[in-house]
Amino acid sequence: MRLVSYDQGGAGVLLGEEIVPLRALGRSGGVRELLAELGADGLRALAEQAASAAERVALGDVQLAAPVPDPQKIVCIGLNYRDHAEESGQEIPQAPMWFGKFANSLRGSGEPIVLPAAHPDYVDYEAELALVIGREAHEVSEARALEHIAGVMPFNDISARDLQLQNPLWMSGKAIDSFAPCGPALVTLDEAGDLGALTLRTVIDGETVQEGSTANLIFGPAELVAWLSRTMTLLPGDVIATGTPAGVGAAKGRFLRAGETVAVEIDGVGVLSNPVSG
């Protein structure tokens with residue numbers, strides 16, 4: 001199943017080019033509330049209910065928002081692909097390196113990434129697979145961690161490299177307005193495929209500038225959820241961006257410019273596409 005949020009607070013189940021609103025399925029609230037209320041079995045039942053629902057909204061008539069527009073936490077993992085650590089001149093991490101973003105950075109597919117007026121020159125892309133928590137996770141084992149993931153989505157960890165490198169904590173170049181586009185949909189695990197064998201890429205105006213596979217993650221999805229849950233309680237709707245492979249713009253002096261369109265594609269999961277504006 002694919003869950004989306006859209007303008008004016010709407011949320012629903014995406015079926016091809018149509019959305020079945022949650023209100024048509026007798027549900028109030030948004031995607032985060034839905035995840036908190038329903039387990040995996042409940043989501044499967046909701047998918048079956050949506051398939052026969054009469055009320056539909058055309059996808060082309062709405063503006064998508066971030067699939068979960070109001071997560072409590074957005075946790076991003078740095079240097080989580082060996083090839084990206086190598087191209088950055090960094091040692092392979094011995095434990096997950098994480099930092100946070102905030103809701104101000106969230107954008108949906110089709111919404112603009114806005115280059116900061118004061119720092120427009122070194123804004124970079126990072127194609128990532130993001131996990132969305134579906135069930136509260138605290139001190140969970142790696143063996144049971146996937147049971148706490150509702151689904152996945154493409155994520156673009158936009159980064160202002162000049163600001164990032166001014167601060168060893170990185171966040172000054174990361175937690176900027178519009179710098180966490182994600183979506184277009186939250187794809188449940190039964191539809192997403194093998195999380196350890198997904199191809200992801202960045203495409204700018206039709207040119208592939210980055211490509212890699214989640215097979216090369218240093219810390220995989222289950223390990224990340226288990227590790228993070230040792231010290232923080234992960235809640236339904238929380239987002240974990242799992243890191244980016246080699247090929248980022250900083251390694252080759254190729255940064256985003258106003259007027260371009262940047263897309264993050266994950267095979268079998270979806271295409272997140274955002275225009276870049278100044």
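**Exercise 1. Classify the accessibility of Arg32 and identify the contact of its side chain with Glu33.**

Solution. Arg32 has a relative accessible area of 29% and is therefore partly exposed; the class lies between buried (under 20%) and exposed (over 50%), with a 1.4 Å probe and protein chains only. Glu33, at 27%, is likewise partly exposed. The two side chains meet in a salt bridge with an N to O distance of 3.4 Å. The term denotes a side-chain nitrogen of Lys or Arg within 4 Å of a carboxyl oxygen of Asp or Glu.

The model is predicted: local features need pLDDT of at least 70, side-chain atom pairs count only at pLDDT 80 or more, and totals for chains, interfaces and linings use all residues. Residues are numbered from 1 along each chain as its sequence is written, and side-chain values use heavy atoms, without hydrogens and water.

**Exercise 2. Determine which residue forms a salt bridge with Arg161, and where the two partners lie.**

Solution. The partner is Glu126, with the closest N and O atoms 2.7 Å apart. Arg161 belongs to helix 4 (residues 161-166), whereas Glu126 sits in the loop between strand 9 (123-124) and strand 10 (127-133), so the pair links parts of the chain 35 residues apart; helices (H or I, at least four residues) and strands (E, at least two) are DSSP runs numbered from the N terminus. Both Arg161 and Glu126 are buried.

**Exercise 3. Characterise the pair Arg254 and Glu260.**

Solution. Their side chains form a salt bridge at 2.9 Å, N to O. Arg254 is partly exposed at 22%, and Glu260 is buried at 12%.
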